[in-house]
Amino acid sequence: MALKIGDKLPRLTLKDQDGENYHFSRVEDKALVIFFYPKDFTPGCTKEACSFRDHYEEFQDLGAEVIGISTDNESSHKKFASKHQLPFVLLSDKEKRARQAFGVKPGLLGLLPGRETFVFDKDKKLIHRFNSMGASQHIPEALNSLKKIQEK
């Protein structure tokens with residue numbers, strides 16, 4: 001079942017790139033931008049992750065933390081984060097529990113894991129979701145949704 005606007009952030013524990021258990025509840029008093037991507041080190045996913053990196057300060061200035069999730073293992077995430085100097089947490093979803101809880105659908109005729117971004121406010125309620133296999137639009141979509149809640 002897919003998350004709908006207004007739904008609460010699912011309660012999950014996943015392994016981060018250091019092999020540690022990571023709970024979404026760890027991030028208090030901040031909005032959350034969670035982006036699901038297909039695979040470490042692929043051109044589109046590298047472009048997307050590096051774009052989130054390049055705009056990371058802007059997300060922080062808007063009171064948000066960024067988290068990336070794919071089905072890659074912790075070791076792959078550690079290499080990916082190190083190589084591209086990613087300042088945010090990458091979580092491993094090998095069993096696809098997070099993809100299922102969020103309702104992320106496969107992309108490219110079911111051949112690839114989907115690429116979708118979710119934005120939660122400080123109360124951890126979903127305010128925006130964006131699904132596109134094109135990597136470049138996810139960052140402006142997330143930033144615009146955060147700016148809208150700042151304006152309220």
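Predicted model: local features only at pLDDT ≥ 70, side-chain atom pairs only at ≥ 80, totals over all residues.
His138, Ile139, Ala142, Leu143, Ser145 and Leu146 are the buried residues of H5. Around the helix axis they cover an arc of only 160 degrees, which means that they sit on the same side of H5. Lys148 and Glu151, on the other side of H5, are exposed.

The aromatic residues come next. In total, the structure contains 13 aromatic pairs. One of them joins Phe35 and Phe52, whose rings are stacked, with 4.2 Å from centre to centre and 15 degrees between the planes. This pair connects distant parts of the chain: Phe35 belongs to strand S3 (residues 31-36) and Phe52 to helix H1 (residues 43-54), 17 residues apart. Phe35 and Phe52 are both buried.

Phe102 and Phe118 are arranged in another way. Their ring centres are 4.9 Å apart and their planes meet at 70 degrees; because edge-to-face pairs have planes over 60 degrees apart, this pair is edge-to-face. Here too the pair links distant parts of the chain, with Phe102 in helix H4 (residues 97-102) and Phe118 in strand S6 (residues 116-120), 16 residues apart. Both Phe102 and Phe118 are buried.

Phe35 and Phe52 also belong to an aromatic cluster, which they form together with Tyr37, Phe41, Tyr56, Phe59, Phe80 and Phe88.

Strand S6, which holds Phe118, leads on to strand pairing. S6 and strand S7 (residues 126-131) run antiparallel and are joined by 5 bridges. Across this pairing, Thr117 stands opposite Phe130 in S7. The hairpin of S6 and S7 has 5 residues between the strands, and in this hairpin Lys124 takes a positive phi near 65 degrees.

Which contacts tie charged side chains together? The structure has 8 salt bridges, and three of them are followed here.

Glu65 and Lys30 form a salt bridge through their side chains, at 3.7 Å from N to O. Glu65 is in strand S4 (residues 64-70), while Lys30 is in the loop between strand S2 (21-23) and S3, so the contact ties together parts that are 35 residues apart in sequence.

A salt bridge of 3.0 Å, N to O, is formed by the side chains of Lys39 and Asp72. Lys39 sits in the loop between S3 and H1, and Asp72 in the loop between S4 and helix H3 (74-83); the pair therefore ties together parts that are 33 residues apart in sequence. Lys39 is partly exposed, with a relative accessible area of 45%, whereas Asp72 counts as buried at 6% relative accessibility.

Helix H3 itself supplies a partner to the next contact. The side chains of Lys94 and Glu74 meet in a salt bridge at 3.3 Å, N to O. Since Lys94 lies in the loop between strand S5 (89-92) and H4, and Glu74 lies in helix H3, the parts that this pair ties together are 20 residues apart in sequence. Lys94 is partly exposed, with a relative accessible area of 42%, and Glu74 is buried, with 19%.

The cysteines remain. A disulfide is a covalent bond between the sulfur atoms of two cysteines. How many disulfides does a search of the whole structure find? The search finds 0.

Note on methods. Residues numbered from 1 in each chain as written. Heavy atoms only, no water. Phe/Tyr/Trp six-rings, centres within 6.5 Å; stacked < 30°, edge-to-face > 60°. Helix = DSSP H or I, 4+ residues; strand = E, 2+ residues; numbered from the N terminus. Buried < 20%, exposed > 50% of the residue type's maximum accessible area, 1.4 Å probe, protein only. Pairing = 2+ DSSP bridges. Disulfide = S-S within 2.5 Å. Salt bridge = Lys/Arg side-chain N within 4 Å of Asp/Glu carboxyl O. Arc of directions from axis to C-beta.
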